[in-house]
Amino acid sequence: MSLLACGDRPASAGGTVMGGGPDGPQVEVVRSDFAGSESCRGCHADQYAEWAGSTHGRAGGEPGPETVVAPFDGTPIVFADAAVIPRVDSSGRHVFEVRQSGVAARTVQVDGVIGGGHMLGGGTQGFVAHAADGTVRFLPFDYSLQLGDWFCNTGTRAQRGWVPITADMSLADCGDWPPARILGTYSRYANCQSCHGSQITTRLEPGTGAVTRWASLDINCESCHGPARGHVELMTANPASDLAEIAMVSRVTDGVEESLGVCFRCHALKDVVAEGYLPGAPFDDHYALKLPVLGDDPYLPDGRVKTFAYQGTHLSSSCYVDGNMTCVSCHEPHGLGYWDVNRTPLADETDDRQCTACHAAKATSPEAHTFHAPESPGSRCVSCHMPYQQHPEVGDGVPFARSDHTIPIPRPALDARLGLVSACRVCHGDIGEIGLQASVDEWWGATKPHDPVTAGLLAVTDAMGEDLAARMLLHPADGAFMAQFQALVRFVGGWVRPGAGLGDEAAARIGELAASDDGDVRALALAVLHAASPGPGQEGQGGTAPLLDVAAAAALEPEAVLRRWTMVLGFLSDEALARGETGPAEALLEKALAVLPGDPAILRALGLLHNQSGNPRSAIRAFAASLAADPTQPLVHVNLGIARAAAGEPAAAIREYEAAIALNPREPLAYFNLGNLYLRSDNVAGAIQAYERALALAPELARAELNLAIALARAGRIQEALPHGRRAVEFAPGDATARRVLSDLEAAANGTPQ
Amino acid sequence: MLARIVPVAGILVLAGAERASAQEAPDARSLIEPLGCGACHAGVPGAEAVRSVAPAFGDGAALLAPAYIFHYMEDPQSVRPDIAPARMPRYELSERERLALALFVTNDRELRGVDDAFRAAQGRHPDAGRSEGRILFEALNCAGCHVNPEVAPHQTAPDLSVEGSRVHEDWLAGYLEDPVAIRPAGPVPGRGGRMPDFRLEPAEVAAIAGFLLAQTAPEAPPWEPTALSPFAMSKAEALLRDRWSCLGCHQLGEDGGRIGPRLEGIVQRLVPAYVRALIHDPVHLAPGTVMPGSLEQPDRLDLIASYLLQREGEWSGTDPLAGMPALPSSAARATDTAPLEHAGEAVYTVRCAPCHGIQGDGDGFNAPFLPVSPTQHSDSAAMSLRPDDTLYDGIHGGGWILGKSHRMPAFGPSLDDGQIRSLVAYIRILCNCQGPAWSRDGRRER
């Protein structure tokens, strides 16, 4: 697994990639390169037929009887403060009619269906609709097939996970009301990346605003095979098929990493390195699979799901780390049925031959290994090694269990310590972990030990010294790359401070990791050495010395690694800022600029830091530099406007907001900040108008509701202000200012002086 | 006609009868029997006839002088042009091999009749001795014709009973006329045996080929290769290079092992249906072969067979003396007739030792031709980290599933559970170790 093969690193991007390389020689991919699944059907009829019946082929689409499994029968979804009626209107359109007290009824047309409720451990279906700002947004009304009921995600507001909708809930308990998460990878918004459909892009089109496009909302042929238009044209022109190159790569010849990379385009958590990915482009230039570990690690020390993840946990499985297992070792990729590693078709997901085609020794005498009756569920390999685990972040309200793709060995005592339901307990819920562990010990004796990295992650404690922690966690020659990444993140969290240097043991081990074959690990290690080094002019202070020749190291790395390196430094900067360490936070961003000089994203982050730390002059310089590097950043104009306003330059601020609007006429934050400026300058009418425009584009902007309420109140329009004040509280229940303003408004409306 | 003893240059030698006239229409059976084809091949008449005329070695060894054997084996016909039909075929033997064989078959400690050439050869190969000659004697199956009290004959060359369903007529005729080594390491890997040149006349070739081609497999299913596009050809080539184990044993271009036949020009040698069937199930098609069956699905079997049958390149044999160790170290054990100490040893010697070495040192004769060095089964420290089940799985499923070399084939289709377990047990003998404790502790039958 490598971003680039060790010892074979060109100074520019390229080489072997984790997460899938380009689908052929083409690296610049545009929408017009795609032909659609129907164009594949004529020549590849068998594969098309299998795909069409698969969960990929039926993953979603335009709303209609073929795609919608949720009941759009007019039965209301009842909230305490609203009723939402899913129905098919007289035009045959699927709509949600939202009736809420104090608010005009509105009808939301469903523009896309996401999912078909296919997943065994909890299949769901969601819906998207076009929003006024050009984005396409997830509606908060999801349907669970297993539950037979509507549910919503309260994660961003009520924080109760996914819950069935009940009559004691308010509509705003659903975190996505008003709809906020968008379809497509676009960091301007909370987004679900580009996996709920095919060739989904959401991009800024200067002068127009955000534009979302997709080929289809199923998972089409080109999602895996890459763009096919060139192939179709070539083969149409050469029906004799006597070509050596067919403008498309064969997935049959994929290596392990390439094969996994195709599936991990969607079936893995990933951080965005650069937006605009389309299948066929170098995946690593756009996404990083291990960077989600930074911060609230979604994985447990042994790689299992701690919060919410996908099948990318396979990277922590012994079958991958010690073998060559890929997704298509078990999953037939067209029909998405099951087969074994030799492509022998299997009946279903419980067929032992998924495992015994490789683990043949276990098949010779299964009962000697399973200690369960041969035909019992406990004798199935997947019962013990791939149990369905309800993902913790979802909560227990809605079935969303996914088969554990780390393929662990049952360790009931450890499972309990990690807060997991052990595979044993799935069937033997009447036995405690101690009893279950006793059976495991009796039957199998000592269990296969974890690799040293995972063992270190499980054993290390914050109280340990740096050297001991380094020896426990950092094993450059052992363990899976995912575990190495997790361990280094753990080490950074506990024992690394910006500019404070490293002990010899840690420095040596991290130095070795900085030469890892894996690009994510390498980038993290480089960033840690860089972060721990003293800043310019600080060498020798407190015994610190540079741990890295930044220029020399950066010259060896492709841009994909350099970007990861700066993303890590950016993360560490955020952490420092959260601790109130503004200086170190700034120093870390300056270091990032040493890696990618003039990078607009780093300059933008630097400007935000200065804005946040009350240094508008520095912020202005950083934002201006960012815009010089990339002038198509409406939000940087907005932030530059904020900085200029803070610096006492309202006219200049207005020019920046207007520049943002020129780039994106549907940028709500430009109008919102314009409103703020107007409000501060007592241009109440202008402020009201600006806030109303902001809210028309982004109804979820609670602060715009609040400020509009304030502006209306200042205009003496108390009754008009009240609903906005209420929505400000409804959408941001933790906002004390909003509560106070609402209280004042209600008092004013009641004639009580405040 | 019985052989007779005649004096030649003061040395007693054997002579055969006058050979049949080229103008006579030879009867294939009357050729095959005295040629002794059945000494090495099943599916043809046995070797009794030739054994009755070929001189035995052992008691009669003293009748021959080492130097005579040394020269005779270089080109029997030049020494004795009149020894048909019970004639001594010509082997492509190196000087060292001839020296070692001469010392073994004559058992002459005084080295009578030694000439300058013999002495010079001894000077060049001072360590080539009788024991090496004995190995060669068995490898070349000399005992198939020449009775020897120390070495038993073996019939390990390809079964000819279905030759008509196996090879093309043109190829067979050319091969009989001018045989070259197809399996440079021998029909049993490591033995080094090879088809000798019988110096057949065209009429004899035609007769024997006709006889052999008439021997067909009645139930052989028809199969024709799919016409592959250049793209499909490149796909198959990539799979052969990067995923399948074929090139662990077979050479293709400059890549690949030396255990099996080269893969170029198969279309000129083999019948397509046989190629397809052989890839799928060699164990039943060619009993005794070390080639394991494939676990691949029919479409992939079609792809690889079609590729091999359409790949450009002329068929050619392999010079067994080029690029191969002078004498495979594994041959020492492969030809040892001493009782095996362990059931797994026999299987190991034939199927594993060519790459992993006879002692498990990773130094089998095929190892230099592999991109990844074979595991050293004698490495106690490394092997003690691998559970028995992992060894079993690797033997059964091949190296790829374990993240090891994909050139290590899956023997699951050709070895039964008992054979694989015996191999695991034998590997434990080689490493003098056990699997890790966690893989052994606590396991008990319920």
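At what angle do helix H28 (residues 702-714) of chain A and helix H29 (residues 718-731) of chain A pack, and how many Å apart are their axes? The legends below begin with that view, and every view shows a predicted model.

**View 1. Helices H28 and H29 of chain A pack against each other.** The two helices pack at an angle of about 160°, and their axes are 8 Å apart. Because angles over 145 degrees count as roughly antiparallel, H28(A) is described as roughly antiparallel to H29(A). The crossing of this pair is left-handed. On the side of H28(A), the contact is made by A:Ala702, A:Glu705, A:Leu706, A:Leu708, A:Ala709, A:Leu712 and A:Ala713, while H29(A) contributes residues including A:Ile718, A:Ala721, A:His724, A:Arg727 and A:Phe731. Sorted by class, the residues of this contact comprise 10 nonpolar, two polar and three charged.

**View 2. Helices H6 and H8 of chain B cross at roughly 95°.** Here the axes of H6(B), residues 95-106, and H8(B), residues 130-139, come within 7 Å, and the crossing angle makes H6(B) roughly perpendicular to H8(B). From H6(B), the residues B:Glu97, B:Ala100, B:Leu101, B:Leu103, B:Phe104 and B:Val105 meet B:Arg130, B:Glu132, B:Gly133, B:Arg134, B:Leu136 and B:Phe137 of H8(B). The contact of H6(B) with H8(B) contains seven nonpolar residues, one polar residue and four charged residues.

**View 3. Four strands of chain A form an open sheet.** The strands follow the order S2-S3-S4-S5, and their pairing is antiparallel. Strand S2 (77-78) and strand S5 (103-109) of chain A stand at the edges, where each has a single partner strand, so one side of each is left without a neighbour in the sheet. Within this arrangement, strand S4 (residues 94-100) of chain A is joined to S5(A) by five bridges, the two strands running antiparallel. In S5(A), A:Arg106 is the residue that A:Val98 stands opposite.

**View 4. Chain A meets chain B.** In this view, 35 residues of chain A are in contact with 29 residues of chain B. On the side of chain A that touches chain B, the elements giving two or more residues are helix H8 (360-364), helix H9 (366-370) and helix H13 (433-444) of chain A, and H8(A) gives the most, with four residues. The residues on this side of chain A divide by class into 15 nonpolar, 12 polar and eight charged.

Key: Residues numbered from 1 in each chain as written. Chains lettered and ligands numbered in written order. Predicted model: local features only at pLDDT ≥ 70, side-chain atom pairs only at ≥ 80, totals over all residues. Contact = placed C-beta atoms within 7 Å. Nonpolar A, V, L, I, M, F, W, Y, C, P; charged D, E, K, R; others polar. Pairing = 2+ DSSP bridges. Axes fitted to C-alpha atoms, helices over the stretch in contact; angles between N-to-C directions. Parallel < 35°, antiparallel > 145°, perpendicular 65-115°, else oblique. Left-handed = near helix turned anticlockwise from the far one by under 90°.
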